[in-house]
Every structure is written in C-alpha cells, then in structure tokens.
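This report goes through strands, side-chain pairs and surface features in turn. The sequence and the structure come first.

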Amino acid sequence: SIEQIQPLRDNSDPFNIRKGNPNLKQQFTQEVGINYNDYKVRTERGIYLSANFSTSNNAFTNSDLIDTLGRRVSQYVNVNGNYNYYSYLSYGFKIKKLDLSVNIDLNSNGSNNNNFVNGQKNNSKSNTYSAGVNFYYSKEKKFQFSARPNVSYNMSRSSINKDLTNKYWSGSMDASFTVY
C-alpha cells in the first residue's frame, strides 16, 4: 500500500516513527493444499484429511531500529524464507451399542518468519501440535449432548534470543447440552 512506500507522518506518537520504502518489490505468495474426505453412510465412519503449505517471495516484514532516545523507527523491507503450514486429520465413527458418535482429531500448524531488529536478522519459528476427542449423543426431538476435550503442545523460539524458547502444554474442555 502507499503506507508501506511513503506513509503519512504521524506526529501524535514521537516514539514510534514509520519510514517509507520506495524500493519495496512485489510480494508473491505460493500455496499448495490437499483435502481428502471419505464417509461411509451405513457404518457412519468418516475420515477427513487436510494439509496446506504457503511461502512468500519478497515477503513484507518490519525492520525496526531502536535509537538511543528509545524511539522505534520502523520500515517495511523484503525478505525470503517466510512460510506457514497446517495439517488436520479427523477420524469419526459411531459406537452402535451406545448410539454414541466419536471423532478423533489431530492438528499441527507452524510458521517461520523473518524480520530485522537494530540491523540484525531475527528468525522466529512457532509450532503447535494438538489432539482432541469429540463425543456426541442425541435423541431426536428430546436432547443432544457433546463434549470435546483437547490438548496442545506449543513451541516458539527466536534467533535473536536463542536462550529463550517457549514450550508449554495447554488444554481445553468444551461441552454443550440442549433440550428440545
């Protein structure tokens, strides 16, 4: 946008200065994805798979310079090497004796991004891996119930501060009950 090439001067925040870059090259993003879906009506078994990968040539990123007065001067620059990915796998089936539907989900996603801080290239990577199970039970015109526990493992790191790597687990539990 014109803001990346020549931004309007903003005098309301003297500690954050945006500088234009008329030498920016056009960014091009390539993306490839695959989807697979298979559902058996008689057995109520389903498989769903999805995966996607995208990368950008001449990606726009920030180059930040913090001066001795504490001001941050930011400018958009082009970089290569940025990418994102995700994958999703779901397997669903019905336990006939209990009349209970079950879905097992596995997910992963991540990114690799480059920027500059005080002239030093910074590479940030993040990845998340998660698994969940969804239980669904219903009686027509009476009620329906679902519960979905989920757990995730998250990792992120930055090349500027290699000693600081974030790794942590998180979890959630969603449930709903509806009466008709």
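## Basis and terms

Helices (H or I, at least four residues) and strands (E, at least two) are DSSP runs, numbered from the N terminus. The model is a predicted one, in which local features need pLDDT of at least 70 and side-chain atom pairs count only at pLDDT 80 or more, while totals for chains, interfaces and linings use all residues. Residues are numbered from 1 along each chain as its sequence is written, and side-chain values use heavy atoms, with hydrogens and water left out.

## Strand pairing

Two strands are taken to pair if DSSP finds at least two bridges between them. Strand 3 (residues 45-57) pairs with strand 6 (residues 82-95) in the antiparallel sense, over eleven bridges. Within this pairing, Phe53 has Tyr85 of strand 6 as its bridge partner.

Strand 6 is also joined to strand 7 by 13 bridges, and the two run antiparallel. Here Tyr86 stands opposite Asn109 of strand 7. Strands 6 and 7 form a hairpin with four residues between them, and Asp99 in the turn has a positive phi of about 55 degrees.

## Loops and backbone angles

Asn58 is not a glycine, yet its phi is positive, at about 55 degrees. Asn58 is placed in the loop between strand 3 and strand 4 (59-66). Lys141, likewise not a glycine, has a positive phi of about 65 degrees; its place is in the loop between strand 8 (120-139) and strand 9. Lys141 is exposed, with a relative accessible area of 71% (buried means under 20%, exposed over 50%, partly exposed in between, with a 1.4 Å probe and protein chains only).

The loop between strand 9 (143-158) and strand 10 (165-179) holds Ile160. Ile160 counts as partly exposed at 36% relative accessibility. Ile160 is in contact (heavy atoms within 4.5 Å) with Val117, Gln120, Lys121 and Asn122, leaving aside its neighbours within four places in sequence.

## Salt bridges

The structure holds eight salt bridges, each defined as a side-chain nitrogen of Lys or Arg within 4 Å of a carboxyl oxygen of Asp or Glu. One of them is formed by the side chains of Lys94 and Glu44, at 3.6 Å from N to O. Lys94 lies in strand 6 and Glu44 in the loop between strand 2 (28-40) and strand 3, so this pair ties together parts that are 50 residues apart in sequence. Both residues are partly exposed, Lys94 with a relative accessible area of 22% and Glu44 with 29%.

Asp67 and Arg71 meet in another salt bridge, at 2.7 Å from N to O, and Arg71 is partly exposed at 31%. Arg148 forms a salt bridge with Asp105, the closest N and O atoms being 3.0 Å apart. That pair links distant parts of the chain, with Arg148 in strand 9 and Asp105 in strand 7, 43 residues apart. Arg148 is partly exposed at 22% relative accessibility, whereas Asp105 is buried at 6%. Salt bridges that share partners join Glu44, Lys94, Lys96 and Asp99 into one network.

## Aromatic pairs

There are seven aromatic pairs in the structure. Rings of Phe, Tyr and Trp (its six-membered ring) pair if their centres lie within 6.5 Å; planes under 30 degrees apart count as stacked, over 60 as edge-to-face and the rest as tilted. Phe143 and Phe177 form a stacked pair, with 5.7 Å from centre to centre and 25 degrees between the planes. Phe143 lies in strand 9 and Phe177 in strand 10, so the pair ties together parts that are 34 residues apart in sequence. Phe143 is partly exposed at 23% relative accessibility, and Phe177 is exposed at 53%.

The rings of Tyr153 and Trp169 have centres 4.9 Å apart and planes at 50 degrees, so this pair is tilted. Tyr153 is in strand 9 and Trp169 in strand 10, 16 residues apart. Tyr153 counts as partly exposed at 21%, while Trp169 is exposed at 63%. Ring pairs also link Tyr137, Phe143, Phe145 and Phe177 into a cluster.
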